[in-house]
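Trainee: I would like a close look at a single part of this model. Please take me through it step by step.

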Amino acid sequence: MTASRKRGRNLGLGSRNLTRAGKTCAHQSGKAFATRGTLAERWSVFAKWLEQTQGIKRMEDITRDHVMAYGQTLKARVERNELKASTAQLYVSAVNSIMTSATQGQWTAVSPTRDCGIPKRRYIPETSKAMPQSQHDQLQASVDDERIVALLNLQRTLGLRFKESALLDAQKALRQAQREKRITVFSGTKGGKRRHVPVSTEARAALETAASLQNGPSMVPANLRYVDFRDHCYR
């Protein structure tokens with residue numbers, strides 16, 4: 001920490017107000033404008049909580065214990081379904097970002113999950129995004145390519161996106177489904193996030209059909225690249 005930042009209240013950030021000091025730090029972070037605004041907003045919530053519940057008004061007095069206590073109040077809100085786990089984690093992460101910047105990297109970050117007990121984020125949608133059955137049947141009837149029909153059935157019964165269904169190793173997935181009554185999806189997922197999908201009787205039938213058509217490492221025909229197959233399907 002530089003000497004100039006050591007002098008003065010709130011780690012030399014030029015404000016005697018805890019909320020404004022954090023906002024100043026956010027706007028000096030060099031991050032994108034929208035990110036700076038979000039950090040400042042989340043810091044304000046923390047600063048208000050600190051002053052009201054802990055009586056703390058200076059950055060110099062903030063400890064990891066305070067942040068963990070704050071995280072545990074967020075955890076309680078998650079458990080009451082007042083806040084999503086992902087949002088609670090982001091609020092703790094914002095505090096870490098501000099404190100790391102304010103202390104010139106001397107802050108030891110608090111883990112939202114390990115230290116505060118906030119549940120890990122879920123990457124499974126909470127509501128179904130599948131098209132209605134009637135629309136699915138109509139679309140299927142208009143397709144004369146059995147491989148594309150198989151993909152449509154995989155998407156419908158397993159909740160897969162097009163890319164996930166195309167890159168699925170249906171033969172391997174079928175074997176897993178027979179053992180575990182679920183499959184693991186990872187190729188083509190958003191952010192490369194691996195997830196487990198339960199397999200119903202209908203989904204297993206879709207996997208069996210797809211596996212019988214598969215002639216390569218995935219549902220993409222062996223003689224095509226994924227991008228070529230995608231273009232073929234959407235032509």
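How close do the axes of α3 and α6 come, and at what angle do they cross?

Mentor: First, a caution: this is a predicted model. Now to your pair. The axes of α3 and α6 come within 9 Å and cross at roughly 80°. That makes α3 roughly perpendicular to α6. Two packed helices are described by just these terms, the angle between their axes and the distance between the axes.

Next, look at the residues that meet. From α3 come Gly22, Cys25 and Ala26. From α6 come Ile98, Ser101 and Ala102.

Stay with α3, which spans residues 18-27. At its start, a side-chain oxygen of Asn17 reaches to within 2.9 Å of the backbone nitrogen of Thr19. Which residues of α3 are buried? They are Leu18, Thr19, Ala21, Gly22, Cys25 and Ala26. These residues cover an arc of only 165° around the axis, so they sit on the same side of α3. A helix has 3.6 residues a turn, so residues three or four places apart point the same way.

Now widen the view to the core. The largest nonpolar core has 33 residues. Within this core, Trp43, Phe46, Met59, Ile62, Val67 and Leu74 touch the most other members. Helices α3, α4 (33-54), α5 (64-79) and α6 (85-102) each supply at least two residues. The most come from α6, which gives 9 residues. In soluble globular proteins, nonpolar side chains tend to be buried together.

Leu74 is then in contact with Leu83, Ala88, Tyr91, Val92 and Ile118. There is also a second, separate core of 29 residues. Its members include Leu168, Val197, Ala211 and Val220.

Go back to α5 for a moment, where His66 is found. Is His66 buried or exposed? It has a relative accessible area of 15%, so His66 is buried. Residues up to four places away in sequence are again not counted. His66 touches Phe46, Trp49, Leu50, Gln54, Ile56 and Asp61. One of these, Phe46, is among the core residues that touch the most other members.

Now compare a loop residue. Gln214 lies in the loop between α11 (201-213) and α12 (226-233). Its relative accessibility is 7%, so Gln214 counts as buried. The side chain of Gln214 reaches the backbone nitrogen of Gln171 at 3.0 Å. Gln214 is in contact with Arg147, Leu168, Asp169, Ala170, Gln171 and Met219. Of these, Leu168 belongs to the second core.

Last, step back to the whole chain. The secondary structure comes to 12 helices and 2 strands. From the N terminus on, the elements run α-α-α-α-α-α-α-α-α-α-β-β-α-α. Of the 235 residues, 40% count as buried. Take the contacts with a separation of 6 or more: residues 24 or more positions apart account for 59% of them.

Terms used. Residues numbered from 1 in each chain as written. Predicted model: local features only at pLDDT ≥ 70, side-chain atom pairs only at ≥ 80, totals over all residues. Heavy atoms only, no water. Buried < 20%, exposed > 50% of the residue type's maximum accessible area, 1.4 Å probe, protein only. Helix = DSSP H or I, 4+ residues; strand = E, 2+ residues; numbered from the N terminus. Arc of directions from axis to C-beta. Polar contact = N/O pair within 3.5 Å; in protein donor to acceptor, adjacent residues only side chain to side chain. Core = buried A, V, L, I, M, F, W, Y, C linked by side-chain atoms within 4.5 Å. Contact = heavy atoms within 4.5 Å. Axes fitted to C-alpha atoms, helices over the stretch in contact; angles between N-to-C directions. Parallel < 35°, antiparallel > 145°, perpendicular 65-115°, else oblique.
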